[in-house]
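Please look over the model below with its sequence at hand, and then read the notes that follow, which are grouped by topic.

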Amino acid sequence: MLRIEGIGKHFGGVPALSDVTFRCREGWTTALIGPNGAGKSTLINCISGILAPDTGQIHLQGLRLDGLPAHRRPFLGVGRTFQNLALFPRLTVLENVLCGLTPQGEPSMLRSLLRLPATRHRERLLRLKALEMLDAFGLTDKSQWPVSILSYGDRKRVELARALVSEPRLLLLDEPVAGLNAEETARIGTEIRRLHGAGLTILLVEHDMDLVMSVSDHIVVLDSGRAIASGTPGQIRSDPRVIEAYLGRMSATA
Amino acid sequence: MTPRDKILYFLRLHRTGLTVWLLAGFLLAFPALAGNPYVLGISNLIAVYLIAVIGLNLFIGYAGQISLGHAAYVGLGAYGSALLTIHFDLNPWVAMAAVAAAVAFAAFLVAIPTLRLSGHYLAMATLGFNIVCHTVMTQWDQVTGGPSGLAGIPPLSLGGVSIDDEAKFHYLVWSFAIVVLTLGLNLARSSLGLALAAVAQNETAAESLGIQVGRAKTRVFVLSAVLASLSGSLFAHCFTFINPDSFTIFNSIELVTMVVIGGLGSIWGSLFGTTLIVLLPEFLHFFDAFRDIIHGLILVTVLILLPQGLVSGLRDLLRIKLLAGRNNA
Amino acid sequence: MPTLSDLLQFLFAGLTNGAVYALIALGFCVVHNTMGIVNFTQVDLVSLGGMFLYSALFLLGLPMPLALLGAVAASALSGALVERLGIRPSRSDDHLVLIFLTIGLSVILRGVMKLAWGKNRMAVPPLTADEPIRLWGATLLPQILWILLLTGGAVLILAWVFRRTALGLCMRGVASNPAAAAIVGIDGGRIRMVSFAIAGGVGGLAGALVTPITTLSYDVGVLLGLKGFAAAILGGFGSFVGAIAGGLLLGLLESLAAAGLSSAYKEVIAFGILLLVLFVRPTGLLGKRKG
Ligand SMILES: Nc1ncnc2c1ncn2[C@@H]1O[C@H](COP(=O)(O)OP(=O)(O)OP(=O)(O)O)[C@@H](O)[C@H]1O
Ligand SMILES: [Mg+2]
């Protein structure tokens with residue numbers, strides 16, 4: 001489904017990714033793990049188009065993604081969340097989720113200005129859809145809240161709802177449970193499993209190993225911009241290179 | 001639902017439309033209430049400004065961009081209308097539409113390179129554009145009449161009736177203003193308005209949701225320039241006389257002040273801000289020397305206390321209060 | 001066809017204006033570096049410099065050197081006051097809001113100047129006698145030499161402050177990472193106030209130096225200041241070298257273009273160049289290109 005081929009990315013001479021190649025199979029949850037600074041977020045940004053890779057290609061179901069502007073990709077079914085939250089703080093929860101529906105309702109200037117009955121009807125449908133999504137995430141009560149006054153956990157869920165409301169085919173999650181407590185983490189874990197059950201293809205970046213091991217079908221390990229290992233959770237757990245990448249780093253910083 | 005609930009629900013659902021109708025009704029009766037042409041003249045000025053201010057608010061308040069040069073577009077509209085009607089004897093309505101179209105095209109050309117700029121670079125580019133336009137208006141005196149400007153601009157006419165007194169002009173400009181207000185409110189409530197707000201608050205996130213950031217900015221910029229041009233055309237026909245002094249960077253800053261005081265991202269706020277700034281000198285007759293200081297003080301105080309502007313700021317505060325109250329209950 | 005002496009004349013004019021723009025551009029850059037905003041009160045700090053010089057000479061009857069020093073000090077103080085009373089009370093970190101705030105403060109400053117000094121144009125005498133110096137057929141006002149000399153001096157002093165003093169180190173710290181600077185105990189508020197004071201000082205110096213060859217009025221700084229802003233942008237907005245190069249470049253281009261084309265359209269040329277540069281290189285001539 002998603003093919004990453006030889007992706008490389010430099011930041012001012014410093015390589016963040018070099019020659020990364022792997023695949024995400026349709027309907028699978030693929031986890032991308034690695035120590036801090038390994039280049040995981042950089043890769044997610046390359047896939048969603050926020051960064052342009054220097055080398056390599058990205059294919060989604062045979063369609064070449066790299067080179068396309070970022071705003072085209074949601075129309076091809078790519079949805080994402082951000083590591084450090086990227087909500088619109090002054091908009092309400094409902095409005096944030098409505099923004100996620102852009103791929104379903106490319107608004108035209110003239111129609112928006114005139115607000116004809118047909119436009120109003122369409123916007124009502126979009127609203128219902130967004131409200132349904134909020135309901136699924138238990139956010140109905142807070143739909144009129146500006147997100148700036150929400151708790152961190154709620155914000156993370158709003159962002160997930162915003163990514164899901166357009167029904168993407170590929171979901172990129174950049175550390176969805178970072179900073180959440182055990183209960184909230186479990187809730188997101190359940191959600192990921194539910195999406196997996198519904199057949200969504202997921203690329204998950206996460207440091208929480210319990211979550212990664214319990215939800216993923218396949219794991220890719222990144223270290224210093226290189227894919228050093230990949231396999232099933234069982235294989236990865238016992239792979240000496242992975243242990244080295246993590247523990248070596250830890251003993252160096254400790 | 002009891003009948004009372006039904007009425008309340010109806011009012012809530014249609015609150016925006018009803019408010020516009022209410023305002024329109026009031027304005028319909030206004031000439032009879034005011035009677036005095038001087039008062040009408042001031043209210044007409046509010047309407048003329050309002051058209052430009054709503055456009056600017058869409059650009060600054062909703063799309064989160066900065067323009068310190070919108071008076072240039074007002075000026076292009078005014079000079080365009082004046083020149084076409086004086087020198088080419090064109091019908092004022094046709095001139096108005098032609099100028100608006102030309103300004104739209106010009107704004108589109110300016111937007112392509114300009115809107116790639118961000119923050120202070122955009123501030124500089126728009127300021128620079130305003131200074132260039134103003135200098136040309138002042139210096140190219142064979143065409144623009146130089147510093148003394150152009151006089152004898154023919155009035156607009158409708159169905160054979162020449163719109164040449166304050167009362168007739170009242171109905172004309174406020175019709176325009178109400179239409180623009182309605183269009184602005186529509187846009188603000190549409191998904192395009194939401195997309196603009198998203199662009200203002202986080203471009204990267206907006207882009208990754210499928211919003212074409214560059215295109216959205218360009219469209220709203222062109223729209224705001226067209227509204228500014230319309231405002232300028234009406235200004236020219238209203239006063240039948242124009243000179244470059246009305247289209248300086250200080251006028252641009254005055255437009256921005258109207259937007260900011262009323263509220264970034266609040267169309268009703270623009271009505272409030274424009275009214276306040278136009279009326280202020282009337283109240284401050286005796287303090288003419290203090291006018292700038294008071295102007296500046298209002299702007300600074302609003303920005304310090306309610307950075308989103310009076311109307312938007314109070315609305316947000318109220319909303320949070322209400323939510324907090326409901327939560328405790 | 002302009003003669004060599006004409007060219008020389010335009011070169012002097014360009015350098016002089018350029019030096020003034022460079023000073024003002026430095027003021028913009030200092031504040032931008034510590035706060036990340038455009039400080040539109042800079043343009044009024046330029047006017048204030050001229051006003052203070054006028055008052056020191058004619059109201060207090062001070063001799064020229066003292067008056068000049070006093071004018072620069074008073075402008076610096078005004079800059080600091082603007083930060084303390086106008087900017088600091090705002091808790092916002094939204095750049096749009098802060099930029100509008102400086103615009104509001106600028107309107108207030110102009111109102112105050114109008115009230116204190118009136119709307120009329122005034123004349124300030126030059127630093128030393130008005131005898132023009134002849135140089136290869138071109139005439140050179142002594143004031144022009146003073147402008148070049150004092151601008152150079154101010155730039156050297158600023159460079160020394162930034163590179164060699166603890167204060168300069170703190171300012172560079174706040175510029176590169178405000179959060180980290182706060183953690184190591186640098187008082188961000190004080191640094192921002194100092195940066196406004198410096199902006200006031202250089203702006204005031206520019207105003208005091210240039211008003212003898214232009215005229216003095218409450219809004220003389222607006223156009224000068226905006227050209228200083230343009231110079232800062234040409235230089236990439238941030239680096240001192242860029243600001244100085246941008247100032248001189250703008251001054252020279254403007255003067256040569258005015259000579260070749262028409263002086264009525266000087267402004268069109270200056271800002272036209274700026275717009276062109278921005279369109280081709282959105283971060284200025286000497287600015288870093290984005291990733
Ligand atoms: N915009 C940028 N400019 C310069 N360097 C960058 C940029 N973004 C990332 N980097 C660098 O690239 C490397 C990879 O960063 P990245 O954010 O992809 O790591 P990560 O694996 O997501 O780490 P973490 O687990 O901490 O989120 C890091 O060394 C980082 O400093
Ligand atoms: Mg990361």
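Helices (H or I, at least four residues) and strands (E, at least two) are DSSP runs, numbered from the N terminus. This is a predicted model, in which local features need pLDDT of at least 70 and side-chain atom pairs count only at pLDDT 80 or more, while totals for chains, interfaces and linings use all residues. Residues are numbered from 1 along each chain as its sequence is written, chains are lettered from A and ligands numbered from 1 in the order in which they are written, and side-chain values use heavy atoms, with hydrogens and water left out.

**A residue of chain C**
- C:Ser90 lies in the loop between helix 3 (64-87) and helix 4 (95-117) of chain C.
- With a relative accessibility of 8%, C:Ser90 counts as buried, a word that means under 20% relative accessible area, whereas exposed means over 50% and partly exposed in between (1.4 Å probe, protein chains only).
- Between the C-alpha atoms of C:Ser90 and C:Leu7, which are 83 residues apart along the chain, the separation is 50 Å.

**Helix 1 of chain A**
- Eight of the nine residues of helix 1 of chain A are buried, so this helix is largely enclosed by the rest of the structure.
- Among the buried residues of this helix are A:Lys40, A:Leu43 and A:Cys46.
- Just after helix 1 of chain A comes A:Gly49, which takes a positive phi of about 95 degrees.

**A residue of chain B**
- B:Arg12 belongs to helix 1 (residues 3-13) of chain B, and B:Arg12 is exposed, with a relative accessible area of 58%.
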